[in-house]
Amino acid sequence: QVQLVESGGGLVPPGGSLRLSCKYSGTNPFNTYTVSWFRQAPGSEREFVAGMKRFNSNPYASDSVKGRFTMSRDNAANTVYLQMNSLKPEDTAVYYCAAARQLIPSSLRVPAQYDYWGQGTQVTVSS
């Protein structure tokens, strides 16, 4: 059974920073999973933020966060991180991490392709 637990959300003023964490627990080695961050604002669809394919240390980021957000992964700690800098009010959303073992590379940004999801952590950017 796979469990993903996010932490690190909160209220931050515009221009501030937060670091989210997602801790994996399960039977299979963590590095056999593609893991991504998504976010969902009220009334909006779930949106891809950043992802890292299994066995690959290169992160992919959406254009809306590129240059501000950085995803990293510590396979020994079974954890992925999302460092968020220069936060904007439009970054306000519930942030989720998701994992999949078998993922078509071109489907990295498609929520329906992921098998496992965390419960989400709220990020609010407001003065």
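A disulfide is a pair of cysteine sulfur atoms within 2.5 Å. Keep in mind that this is a predicted model. A search of the whole structure turns up 1 disulfide, and that makes a handy place to start.

**The disulfide**

- The two partners are Cys22 and Cys97, with their sulfur atoms 1.9 Å apart.
- The torsion about their S-S bond is about 50 degrees, so the disulfide of Cys22 and Cys97 is right-handed.
- This pair ties together distant parts of the chain: Cys22 sits in strand E3 (residues 18-25) and Cys97 in strand E9 (residues 93-100), 75 residues apart.
- Are these cysteines buried or exposed? Both Cys22 and Cys97 are buried.
- As a bit of background, a disulfide is a covalent bond between the sulfur atoms of two cysteines.

**The nonpolar cores**

- The largest nonpolar core counts 28 residues. Those with the most contacts inside it are Trp37, Val49, Phe69, Met71, Leu82, Met84 and Tyr95.
- Which elements give two or more residues to this core? They are E3, strand E4 (34-40), strand E5 (47-52), strand E7 (69-74), strand E8 (79-84), E9 and strand E11 (121-125).
- Zoom in on Met71: leaving aside its neighbours within four places in sequence, its contacts include Trp37, Ala50, Pro59 and Leu82. Val35, Ser36, Gly51, Met52, Val80 and Tyr81 are also in contact with Met71.
- There's a second, separate core of 7 residues, and Phe48, Ala98, Leu108 and Tyr114 are among them.

**An open sheet of 4 strands**

- Follow the order E1-E3-E8-E7 and you have walked across an open sheet of 4 strands with antiparallel pairing.
- At the edges are strand E1 (3-7) and E7, each of which pairs on one side only.
- On average, neighbouring strands of this sheet are turned by 15 degrees against each other, direction ignored.
- E1 and E3 pair in the antiparallel sense over 5 bridges. Val5 has Lys23 of E3 as its bridge partner, while Gln3 has Ser25 of E3.
- How many bridges join E3 and E8? Their antiparallel pairing runs over 6 bridges, and Arg19 stands opposite Gln83 in E8.
- In a regular strand the side chains alternate between the two faces of the sheet.

**A closer look at Thr79**

- Thr79 belongs to strand E8.
- Why does Thr79 count as buried? Its relative accessibility is 6%, and buried means under 20%.
- The Thr79 side chain reaches the backbone oxygen of Ala77 at 2.8 Å.
- Leaving aside its neighbours within four places in sequence, Thr79 is in contact with Ser21, Cys22, Lys23, Phe30, Arg73 and Asp74.

**Out at Pro14**

- Where do you find Pro14? Look in the loop between strand E2 (10-12) and E3.
- Pro14 is partly exposed, with a relative accessible area of 41%.
- Leaving aside its neighbours within four places in sequence, Pro14 is in contact with Leu87, Pro89, Val125, Ser126 and Ser127.
- To get a sense of distance, pick out Pro105 as well: the C-alpha atoms of Pro14 and Pro105 are separated by 34 Å, and the two residues are 91 residues apart along the chain.

Definitions and conventions
Residues numbered from 1 in each chain as written. Predicted model: local features only at pLDDT ≥ 70, side-chain atom pairs only at ≥ 80, totals over all residues. Heavy atoms only, no water. Buried < 20%, exposed > 50% of the residue type's maximum accessible area, 1.4 Å probe, protein only. Core = buried A, V, L, I, M, F, W, Y, C linked by side-chain atoms within 4.5 Å. Contact = heavy atoms within 4.5 Å. Polar contact = N/O pair within 3.5 Å; in protein donor to acceptor, adjacent residues only side chain to side chain. Pairing = 2+ DSSP bridges. Axes fitted to C-alpha atoms, helices over the stretch in contact; angles between N-to-C directions.
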